[in-house]
Amino acid sequence: MPRQYDEDEARRPILQPDTDTDEPSAVSGSLARLGRPSNDDELTEQLTGCGATACCNPSSFLHRFQALILMCLVGFGSYFCYDNPGALQDTFKSDLDLTTTQFVMLYSIYSWPNVILCFIGGFLMDRVFGIRLGTIIYMFILLIGQLIFAMGATINLFWLMIVGRFMFGIGAESLAVAQNSYAVLWFKGKELNMVFGLQLSFARVGSTVNFLVMVPIYKYVKSLGYQGHMCTGVVLLLATLTCVMSMICALILGWMDRRAARILKRNDAAPGGEVAKLSDVRTFKVSFWMVTVICVAYYVAIFPFIALGKVFFMRKFDFTSEDANTVNSIVYIIAAVASPVFGLIVDRTGRNVLWVFLSVIVTIVAHGMLAFSYLNPYIGMITMGLAYSMLASSLWPLVALIVPEYQLGTAYGICQSVQNLGLAVISMISGMIVDKGGYFMLEIFFIGWLVVSLLATIVIWMYDASNDGLLNMSPAARALYASKTYVTCTIPTDLELTVVFWIFVYRLPRMSDEPGMSGDMTDSQEQLDRNRRNKDPEAIRNRYVNRVLDGTPTPSDTDPLGDDA
């Protein structure tokens with residue numbers, strides 16, 4: 001029979017011991033029966049042949065690593081196609097006869113709908129679709145959006161390109177929520193920080209590959225005889241192949257996850273019958289809302305800066321256009337390499353809040369070097385790239401420590417939505433600051449936002465320290481805390497046993513006086529004798545203790561203690 005959850009366990013964050021498989025060493029077998037029903041009646045599926053090997057066994061690290069590669073590839077097409085316009089900015093404006101305002105609209109139309117739709121997408125995945133179906137649906141929307149965008153360029157219809165980018169944005173941001181949920185489902189309590197770092201690394205690889213290959217592809221297509229908007233449309237259609245590859249990976253990953261759920265007897269339903277509701281946001285802790293503040297305040301000091309950084313390096317450091325592009329891309333290149341490394345370090349050391357705090361401090365130093373000194377800008381950008389990688393590997397796993405598992409899609413959706421709102425608004429404000437005050441004022445503006453993220457980190461630290469301190473524990477301390485929490489929640493105290501016992505003693509003698517409870521018990525002397533035996537406090541106590549502690553089989557766990565077993 002499937003494992004049953006109580007309400008307190010259902011609302012506990014996910015990094016508690018998995019009671020399906022692990023028994024705390026401090027609890028004996030007889031007492032552990034209080035924590036969960038016996039699974040002795042379950043049929044364990046025996047894996048044979050290829051299914052028993054490390055490659056095909058869902059419980060092995062190698063199999064989970066294969067799933068991780070698919071998770072990363074699911075988002076590769078999204079990040080590759082997102083910056084297609086940026087990689088071909090000059091050709092877009094000339095071949096499609098676009099103004100700068102129209103070109104920028106291709107990016108803004110991506111962000112604005114996701115202020116709301118990311119949250120809705122995460123909620124639908126929690127409540128309606130589930131992770132597997134939700135990932136496939138969002139990937140399909142993304143693929144259709146990219147196809148419409150490419151077709152709009154092919155026939156030179158700007159409004160159709162806008163519709164395509166709109167659909168692409170809906171699918172891409174909701175797909176990012178699905179990726180996060182998949183990562184938590186497969187790696188909760190294990191290598192979660194490293195997994196988030198590796199996903200970030202693949203995302204930046206997708207963006208970097210786009211900038212490297214789109215111009216050569218454009219030149220090759222043009223050499224085949226395509227000209228003008230037709231050439232741009234064909235190039236975008238070729239870029240769509242990366243989305244097709246990601247769709248295939250989503251289907252394979254869904255099959256693997258369904259197989260793993262069946263073999264591992266994983267209960268994908270919400271614990272205790274809990275389902276995500278929109279009203280759940282009222283129960284989210286202060287620490288979660290501070291994480292969303294950091295998502296906005298930190299990232300608006302990174303992405304808008306990179307978007308406007310090329311001219312900054314050309315003006316302040318007299319770089320050529322090519323050199324400015326190179327130094328401006330350093331953050332993404334560093335992130336692609338350093339994110340998995342920092343994720344592994346955070347997995348080994350824990351203390352996520354401390355790592356977030358250090359990341360924000362180092363980023364403030366990096367922006368300060370670029371704003372107030374003429375040091376080689378490579379130093380500042382490399383420092384910023386390392387800090388950015390460190391933060392991404394330690395911040396996003398915090399959500400899984402704060403929010404119950406059945407609400408994760410909603411929680412990550414909120415983070416993505418708030419981040420999109422911040423990026424959409426701050427990007428426009430940053431452009432106005434450059435026009436009116438120059439790049440020095442822009443750097444001051446970004447440092448101000450980093451100070452806000454630093455204050456939010458301090459609030460998380462103080463709030464966590466005043467509670468259980470889980471967010472800033474080492475892995476060993478978290479394991480010990482989880483074990484103690486499990487024991488506390490599963491073993492009744494002497495007072496609880498006494499209260500329950502006397503409830504039975506007090507209540508059972510009166511049950512025969514209530515309508516519908518006594519039946520025909522007074523019809524025979526045998527039934528009267530049995531009733532007297534059931535009212536004996538010593539007999540009731542013995543049966544109660546025997547049932548909950550000794551695990552002696554009874555006809556049914558729902559039989560009243562007052563009946564002879």
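N156 sits in the loop between α7 (114–154) and α8. The model shown here is predicted.

**The loop residues**

The backbone of N156 stands out. Its phi is positive, about 60°, although N156 is not a glycine. Most residues other than glycine have a negative phi. N156 is partly exposed, with a relative accessible area of 35%.

A second residue follows this pattern. R351 has a positive phi of about 55°, and R351 is not a glycine either. R351 also lies in a loop, between α14 (330–349) and α15 (352–372). Its relative accessibility is 38%, so R351 counts as partly exposed.

**The chain as a whole**

What is the secondary structure of the chain made of? It comes to 22 helices and zero strands. The chain has 565 residues, and 48% of them count as buried. Its accessible surface is about 25,900 Å². Carbon and sulfur atoms hold 65% of that surface.

Contacts also reach across the sequence. Take the contacts in the chain with a separation of 6 or more: 78% of them join residues 24 or more positions apart.

**Two helix pairs**

Two packed helices are described by the angle between their axes and the distance between the axes. Two pairs are set out here.

| Helices | Angle | Distance between axes |
|---|---|---|
| α3 (61–82) and α8 (158–187) | about 165° | 10 Å |
| α12 (303–317) and α16 (377–402) | about 170° | 12 Å |

Start with α12 and α16. Their angle is about 170°. That makes α12 roughly antiparallel to α16. On the α12 side, F303, F305, F313 and F317 take part. They meet P377, M381, M384 and Y388 in α16. By class, this contact has eight nonpolar residues, with no polar and no charged ones.

Now α3 and α8. These helices pack at about 165°, and α3 and α8 are therefore roughly antiparallel to each other. Their crossing is left-handed. Which residues of α3 meet α8? They are H63, R64, A67, L68, M71, C72, V74, G75, S78, C81 and Y82.

C243 lies in helix α10 (residues 228–263). Is C243 buried or exposed? Its relative accessibility is 0%, so C243 counts as buried; the cut-off for buried is under 20%. Leaving aside neighbours within four places in sequence, C243 is in contact with G77, C81, M139, L142, L143 and Q146. Two of these deserve a second look. Q146 is 97 residues from C243 along the chain, yet their C-alpha atoms are separated by 8.1 Å.

T363 is in helix α15. With a relative accessible area of 0%, T363 is buried. What does T363 touch, not counting residues up to four places away in sequence? The list is Y298, I302, M384, A387 and L450. M384 links back to the helix pairs: M384 is among the α16 residues that meet α12.

Note on methods:
Residues are numbered from 1 along each chain as its sequence is written. This is a predicted model: local features need pLDDT of at least 70, side-chain atom pairs count only at pLDDT 80 or more; totals for chains, interfaces and linings use all residues. Side-chain values use heavy atoms; hydrogens and water are left out. Axes are lines fitted to C-alpha atoms, for helices over the stretch in contact, and angles run from 0 to 180 degrees between N-to-C directions. Helices (H or I, at least four residues) and strands (E, at least two) are DSSP runs, numbered from the N terminus. Angles under 35 degrees count as roughly parallel, over 145 as roughly antiparallel, 65 to 115 as roughly perpendicular and the rest as oblique. A crossing is left-handed if the near helix is turned anticlockwise from the far one by less than a right angle, and right-handed if clockwise. Contact means heavy atoms within 4.5 Å. Buried means under 20% relative accessible area, exposed over 50%, partly exposed in between (1.4 Å probe, protein chains only). Accessible areas come from the Shrake-Rupley method with a 1.4 Å probe; for residues, only the protein chains shown count as cover. Ala, Val, Leu, Ile, Met, Phe, Trp, Tyr, Cys and Pro count as nonpolar, Asp, Glu, Lys and Arg as charged, and the others, Gly among them, as polar.
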